[in-house]
Structures are given as C-alpha cells and as structure tokens.
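I opened the structure to go through its helices, its sheet and its nonpolar cores. My notes follow in the order I looked things up.

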Amino acid sequence: MKAVEDLGEEPDRSALTLRSGSTKMFGLVGRDISNPLFAQIASGAEEGLHAAGYMMVVANSRGDAAIEAEHLNLLRRRRVAALC
C-alpha cells in the first residue's frame, strides 16, 4: 500500500469489492426525489453514511413500479452494501 500511495495511485475498488464482498455504497430509491421530505431523509442518511465511510447512490423511480424494480436490480448487481 505504501508503494501505491508513493506513486499517487489508488487501490482498485473493483478488486477490493471482490475481496470484501461490499462496495461501501448504500442505495436509496425514491418515488419522487423532488419531495422536500425525501430530500431531508436523503440528506440525513448521507451525512451518517459519509461519517461511516459509505457513499450513497440515489435513484428516482418517478412513482413507476417497473422503474423502481430496475433500479433495485441494478443496485443489487452493483453489490451495494444496503438498499432502502
């Protein structure tokens, strides 16, 4: 890791995901992300997740169950650590 840092490189996140089984990413799918309540929830969640070393990915289903299912399936395939 010291050699990687000395060269200004970063570890390969894909390889780390394979090794650990987690991406340190959290998926949040909302029906309407323009809703002020959703924005407050997302903001609070992101703050807590960031402090814990996670990144949050937000997707908008626009109230369409088929789009929501697509987003959830894609996030699962991307191996997010959790979905909400």
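Entry 1, helix α4. I checked the length of α4, residues 65–77, in this predicted model. At 1.5 Å a residue, its 13 residues should span 18 Å, and the end C-alpha atoms are 18 Å apart, so the two agree. I then listed the buried residues of α4 and got Ile67, Leu72 and Leu75. They cover an arc of only 135 degrees around the axis, which means that they sit on the same side of α4. On the other side I found Ala65, Glu70 and Arg77 exposed. I looked for what lies over the buried residues of α4; the cover includes β1, β2 and β3.

Entry 2, ends of α4. At the start of α4 I found aspartate 64, with a side-chain oxygen within 2.8 Å of the backbone nitrogen of alanine 66. After α4 comes arginine 79, and I noted its positive phi, near 60 degrees.

Entry 3, the sheet. In what order do the strands of the open sheet run? I read β2-β1-β3, 3 strands with parallel pairing. The edge strands are β2 and β3 (82–83), each of which pairs on one side only. Between β1 and β3, which run parallel, I found 2 bridges. Phenylalanine 26 stands opposite alanine 82 of β3.

I located lysine 24 in the loop between α2 (13–20) and β1. Is lysine 24 buried, exposed or partly exposed? Its relative accessible area is 38%, so I put it down as partly exposed, the band between 20% and 50%. Leaving out neighbours within four places in sequence, I found lysine 24 in contact with Ala52, Gly53, Tyr54 and Met55.

I repeated the length check on α3 (36–51). Its 16 residues should span 22 Å at 1.5 Å a residue; the end C-alpha atoms are 23 Å apart, which agrees. The buried residues of α3 are Phe38, Ala42 and Leu49. They lie on the same side of α3, because the arc they cover around the axis is only 35 degrees. An α-helix has 3.6 residues a turn, so residues three or four places apart point the same way. Pro36, Leu37, Gln40, Glu47 and Ala51 are exposed on the face of α3 turned away from its buried side. Among what covers the buried residues of α3 I noted β1 and β2 (55–60).

Asparagine 35 caps the N-terminal end of α3, with a side-chain oxygen 2.7 Å from the backbone nitrogen of leucine 37. I had already listed Gly53 among the contacts of lysine 24.

Which residues make up the largest nonpolar core? I found 6 residues: Phe26, Leu28, Phe38, Ala42, Leu49 and Met56. Both β1 (25–30) and α3 supply at least two residues of this core. The largest share, 3 residues, comes from α3. Not counting residues up to four places away in sequence, alanine 42 touches Leu28 and Met56. Apart from this core I found another, of 5 residues, including Val29, Ala59, Leu75 and Val80. Leu75 had already come up as one of the buried residues of α4.

How values were computed
Residues are numbered from 1 along each chain as its sequence is written. This is a predicted model: local features need pLDDT of at least 70, side-chain atom pairs count only at pLDDT 80 or more; totals for chains, interfaces and linings use all residues. Side-chain values use heavy atoms; hydrogens and water are left out. A nonpolar core is a set of buried Ala, Val, Leu, Ile, Met, Phe, Trp, Tyr and Cys residues joined through side-chain atoms within 4.5 Å. Buried means under 20% relative accessible area, exposed over 50%, partly exposed in between (1.4 Å probe, protein chains only). Helices (H or I, at least four residues) and strands (E, at least two) are DSSP runs, numbered from the N terminus. Contact means heavy atoms within 4.5 Å. The expected span of a helix is 1.5 Å times one less than its number of residues. The arc is that of the directions from the helix axis to the C-beta atoms. A polar contact is a pair of N or O atoms within 3.5 Å; within protein, one must be able to donate a hydrogen and the other to accept it, and residues adjacent in sequence count only if both atoms are side-chain atoms. Two strands pair if DSSP finds at least two bridges between them.
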